[in-house]
Amino acid sequence: MRGKIKILDIEAGNLAIFINPEDAKQWRIHPTDLVKIESGKRSIYGSAFIGNIVEKGEIGISKDVLSIYQFSSGEIVSLIPAGTPESVKYIKKKMRGEKLKKVEIETIVRDIVDRKLRNTEISAFVSTIEINGLDMEEIAALTIAMAETGDMLDIERKPIMDIHSIGGVPGNKTNVIVVPIVAAAGLTIPKTSSRAITSAAGTADVVEVLTNVTLTLEEIKRIVEKIGACLVWGGALNLAPADDLMIHVERRLSLDPRGLMLASIMAKKYAIGSQYILIDIPTGKGAKVESVEEARSLARDFIELGKRLGQYVEVAITYGGQPIGYTVGPALEAKEALETLMTGKGPGSLVEKAIGLAGLLLEMGGAAPKGKGKIIAREILEKGKAYQKMREIIEEQGGDPNIKPEDIPIGDKTYTIHAQTNGYVTAIDNKGITAIAREAGAPEDKGAGIRLHVKVGDKVKEGDPLFTIHAESESRLDKAIVLARRLEPIKIEGMVLQVIENL
């Protein structure tokens, strides 16, 4: 059928196409059928919704459609029933536990990007990977397909370094220090980062306090060619677009299949041309990976996948049993990171992890002899070279290079939790700290979060401050206080943990 576009003031959460009941009956289109709109060389797939919200001869589109494809009100287009995509039979094949061929994986990914597969089919694909898994050959094919269906960044300045933390530890502002150290040593490191999904602050959320992180590929290329580094939000780019659509489904299902996690991380590295990649796997109670054995297994998978993609990968298994540094939340973390860069000194956990990871990258890129990377990284930090490089990054991305830690606004609604007894801090619950910081408003409220006053092993007396909650509103603060009292994320015990009586 042919009809006129009617733009509806509706956000449906998917690509919704509205059809009048008379038109639907004539063209044998049923509710939720996959349909295709064509206009010249443009085409879009979406789900059919039938109702009198549009007149006969009109084709209604939701705002979701306009966020991806541009149509004008009154524009004449064709609407065609699309039928079942070919990739559905390949998803069913995987459901039966069979191995997928490279071309079948490419078809699935292409159909996801073209929106031929809706959330129902994508959910089936994610679920079957969770159940039946992917072998390394399938993971490599998926990684390449995810990268090549999006934009690719071509940077002439070589070698190209990259680093990624799989997350799970609050306060992980480490890469805000690692990237300028590596770039100050003369290496190239275009760092794309995520915003927080379940954490209190992603790297992009922290850097956004200091400068703009929403850049185009052309802007990134210009900046990196000029100064050797950037710290930007990957979500603003069309890198591995199928990944974002699958992550949306994974989050709804609370699933994170290993094969998809590997492909998700490495596809974006492949898309920006990374040659040397360091993967940080924080390990410990409360982290995403709790055991060293699991971390080693995951590390082997990353290294093997890198080989298949033509990338050199090293993996650092790092301590993830408590927050890094003393701050959690975008502005608080930005302030702590900037203080560390300016002074060359900072919390031991933050500095040691940052120079440890940066040192490995320097060795991988040939900027430091084997075993000397950490020493050189510390020197770059302490002599202020990393701070000067960070100022360049901030300025090139549109921020004020003269910003000082005291210029960063922190949530002024505060409440401090105190120790109820004498003893030693024996544990800090990562998940509890994250939950309280998010209840206080992080990451949406940049100034919200938590400032820790103690770390594991510290001796405390009754009444000593344990942590301070920062919020931007009293209502958010009140909710965070209630949660903090319920969770009690900091455990204090005496040196005698338990007495076994002689009965």
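In the predicted model, R258, M261, L262, I265, M266 and Y270 of helix α11 meet E294, S297, L298, D301, F302, L305, G306 and L309 of helix α12. Contact here means heavy atoms within 4.5 Å. By class, this contact of α11 with α12 holds nine nonpolar, two polar and three charged residues. Ala, Val, Leu, Ile, Met, Phe, Trp, Tyr, Cys and Pro count as nonpolar; Asp, Glu, Lys and Arg count as charged; the others, Gly among them, count as polar.

The model is predicted: local features need pLDDT of at least 70, side-chain atom pairs count only at pLDDT 80 or more, and totals for chains, interfaces and linings use all residues. Residues are numbered from 1 along each chain as its sequence is written, and side-chain values use heavy atoms, with hydrogens and water left out.

Two packed helices are described by the angle between their axes and the distance between the axes. Helix α11 spans residues 258–271 and helix α12 spans residues 292–309. They pack at an angle of about 45°, with their axes 11 Å apart. α11 is therefore oblique to α12. Angles under 35 degrees count as roughly parallel, over 145 as roughly antiparallel, 65 to 115 as roughly perpendicular and the rest as oblique. Axes are lines fitted to C-alpha atoms, for helices over the stretch in contact, and angles run from 0 to 180 degrees between N-to-C directions. Helices (H or I, at least four residues) and strands (E, at least two) are DSSP runs, numbered from the N terminus. The crossing of α11 and α12 is right-handed. A crossing is left-handed if the near helix is turned anticlockwise from the far one by less than a right angle, and right-handed if clockwise.

Helix α3 (residues 87–95) packs with helix α5 (residues 119–132) at about 25°, and their axes lie 9 Å apart. α3 and α5 are therefore roughly parallel. Their crossing is left-handed. V88, I91, K94 and M95 of α3 make the contact with E121, A124, F125, T128 and N132 of α5. Five of these residues are nonpolar, two polar and two charged.

Charged side chains also sit over rings. R195 lies over the face of W233, 4.4 Å from the ring centre. K455 lies over the face of Y326, at 4.9 Å. The rule requires NZ of Lys or CZ of Arg within 6 Å of the ring centre and within 35 degrees of the ring normal.

The backbone has cis peptide bonds. One runs from K158 to P159, with omega near -5°. P159 lies in the loop between α6 (136–148) and β7 (161–165). Another joins A442 to P443, with omega near 0°.
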